Amino acid sequence: MPDYQWAVNKGKIVTADYDRSMALNADQVKHEIEKAFSVLFEGVTVTPVDDEYKEVYKVIISREDSTETVYVCAKGTTPGGRSNLQNEQRIQQKAKYLNYVYDRKAEGKKAICLGVYKHESEPIFCAWNINQSTALPETPISKQIKITTIARALTEGLVQQMSGSGEYVCAFRSDFIYFYLTNSSWIHTNPASQLNNHNDDIVEQEDAVSDTEDSTFSGTGANILFYGVPGAGKSHEIAKMIVQERSERVVFHPDYTYSDFVGQILPRIVEDKLKYVFEPGPFTKILKRANDDSNNMYFLVIEEINRGNAPAIFGDIFQLLDRNDHGSGKYHISNYDIATIVYGDENHIVKIPANLTLLATMNTSDQNVFTLDTAFQRRWEMHLIKNDVTKASHAGTTIEGSSISWGKFADITNAEIIRFGEETGTSEDKRLGAYFVRINELTKDKFPEKVLKYLWDDAFKMDRYSYFNESMSSLDSVIGVFREEKDSQMDLLKRVLKYAVYAKMIGQATETNQEENSEDKEGQLDGE
């Protein structure tokens, strides 16, 4: 049996065998949840929702003037289980449990997914974003977190960790549980460095009267499509507009269909009998929520709208996109299934209300995936997101292995892409977006794989040596430069880029001199 890493008091990491009797059972998990909430509130009860969903707990917080209900899908963490993952803790939760809390969250209720870690230390809660699972109900879904993240949480309170899916998982001490609950929709998608701005938003909302929460987006219902180069900040612009708890988010892709978007009829066991029932998709769910709460704006966010066949995905919903001056849909359709879910009346007409806004993103460099025809586009307000790399929050951060900052690198590279496009007829939409990479991707191991590979394979594919040094015979040689420890003292970008390009980045040559002397300079680089 392999040894595993464990975090103990004061964040120390030790190595030891795994004794299965150490794993927290359901009663112990329930006790830790109840204890954490009871520190903050006096009247707290924790019970499983029922026998079928015994690892989903209903937490009821009683206050003097109100009662709050929180749904918590929770289980004790265990080691990763594989010999090469000694530094990992995980939970394996049934798909039906995860879908149960996902449905509660979709209804606008507070719902979270936790793993409870405890090993010669105070308890640490590990938290993952709740996503819908398409697996069979009894299928165990594995969710992982590094032991180093747990160890840091023991001393720092709350720590984030980027997962392979691009979302953040986090670990926190029990005294942070209500902070996490309040910010859970935000904390899985944004780095902690943005916490000050987020807290400012919370303070503003708390100071305002209750019906002004929509100050994020104060207009009437609209269909708005943000477009621009990849990484320009389209999704970030949307994040500033919406209220996360009143939104549904989908990503279009080539296999995404009308049934995925609107809903489909699926077999379900109801009262021990097999029945076929209509399961609403994200469009129908958000339409119902908006219809049931006319005092607040709701949001349907569609990422990458042109990577799916949008007209086919919308189907008869396409007719609803026309709006009048008040933001309501001008036209209606008849749809038995949608009407039954949204209005409780199969004969009710279906319309988009004024308190439902559709927001979409489109990478202009991907327009050839599925072209959006004019009839579809005219039903959307088109907003170009300007790509200003110098204003990115990490523009001044230097690329590891070089003295050049991300902002300077991207700015000069984009100018080269435009110049290259004028000569070859390629698209300016190959430019690097301000947030094409995050700050933690400016490292020697990640930057070449993500940025230089893109420039080699895509942006300068037609003439690589208009940008790269001629000594770089292949992508392997480009990436290899960043992996050679012996060259770590040299500016690595100086080795892989054409000298005329590199000189612009460090501001040591006029463009005329760069072009005249580029061959001599590149020869010098080859000999270094």
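R104 lies over the face of Y100, 4.5 Å from the ring centre. A charge counts as sitting over a ring if NZ of Lys or CZ of Arg is within 6 Å of the ring centre and within 35 degrees of the ring normal. K96 is placed over the face of Y53, and both pairs are set out here.

| Charged residue | Ring | Distance from ring centre |
|---|---|---|
| R104 | Y100 | 4.5 Å |
| K96 | Y53 | 5.7 Å |

Before going on, a word on what you are looking at. This is a predicted model, in which local features need pLDDT of at least 70 and side-chain atom pairs count only at pLDDT 80 or more, while totals for chains, interfaces and linings use all residues. Residues are numbered from 1 along each chain as its sequence is written, and side-chain values use heavy atoms, with hydrogens and water left out.

**The chain as a whole**

The chain has 17 helices and 19 strands; helices (H or I, at least four residues) and strands (E, at least two) are DSSP runs numbered from the N terminus. Of its 528 residues, 47% are buried, where buried means under 20% relative accessible area, exposed over 50%, and partly exposed in between, using a 1.4 Å probe and protein chains only. A contact here means heavy atoms within 4.5 Å. Among contacts between residues at least 6 apart in sequence, 62% join residues at least 24 apart.

**Two cores**

A nonpolar core is a set of buried Ala, Val, Leu, Ile, Met, Phe, Trp, Tyr and Cys residues joined through side-chain atoms within 4.5 Å. The largest one has 41 residues, and W406, F409, F447, L455 and L493 have the most contacts inside it. Helices α12 (406-424), α13 (447-459), α14 (475-483), α15 (492-496) and α16 (499-506) each supply at least two of its residues. Among these, α13 gives the most, with seven. Leaving aside residues up to four places away in sequence, F447 touches I399, W406, F409, E441, L442, L452, F482 and L493. A second, separate core of 33 residues includes F283, I302, I317 and I338.

**A buried loop residue**

I404 lies in the loop between β19 (381-384) and α12. At 3% relative accessibility, I404 counts as buried. With residues up to four places away not counted, I404 touches T397, T398, I399, F409, L493, Y502, M505 and I506. I404 and M505 are 101 residues apart along the chain, yet their C-alpha atoms are separated by 7.0 Å.

**Helix α8 and the aromatic rings**

Helix α8 (residues 282-292) is largely enclosed by the rest of the structure, because eight of its 11 residues are buried. Those buried residues are P282, F283, T284, K285, I286, L287, R289 and A290. F283 also belongs to a cluster linked by ring pairs, along with F252, Y256, F261, F314, F318, F376 and W380. The whole structure holds 29 aromatic pairs; rings of Phe, Tyr and Trp (its six-membered ring) pair if their centres lie within 6.5 Å.

**Cysteines**

How many disulfides are there? The count comes to zero, with a disulfide taken as a pair of cysteine sulfur atoms within 2.5 Å. The sulfur of C113 is 4.7 Å from the closest cysteine sulfur, in C73, which is too far for a bond. C113 is buried, at 0% relative accessibility. C170 is in no disulfide either, and the nearest cysteine sulfur, that of C126, is 8.5 Å away. At 1% relative accessibility, C170 counts as buried.

Key:
Phe/Tyr/Trp six-rings, centres within 6.5 Å; stacked < 30°, edge-to-face > 60°.
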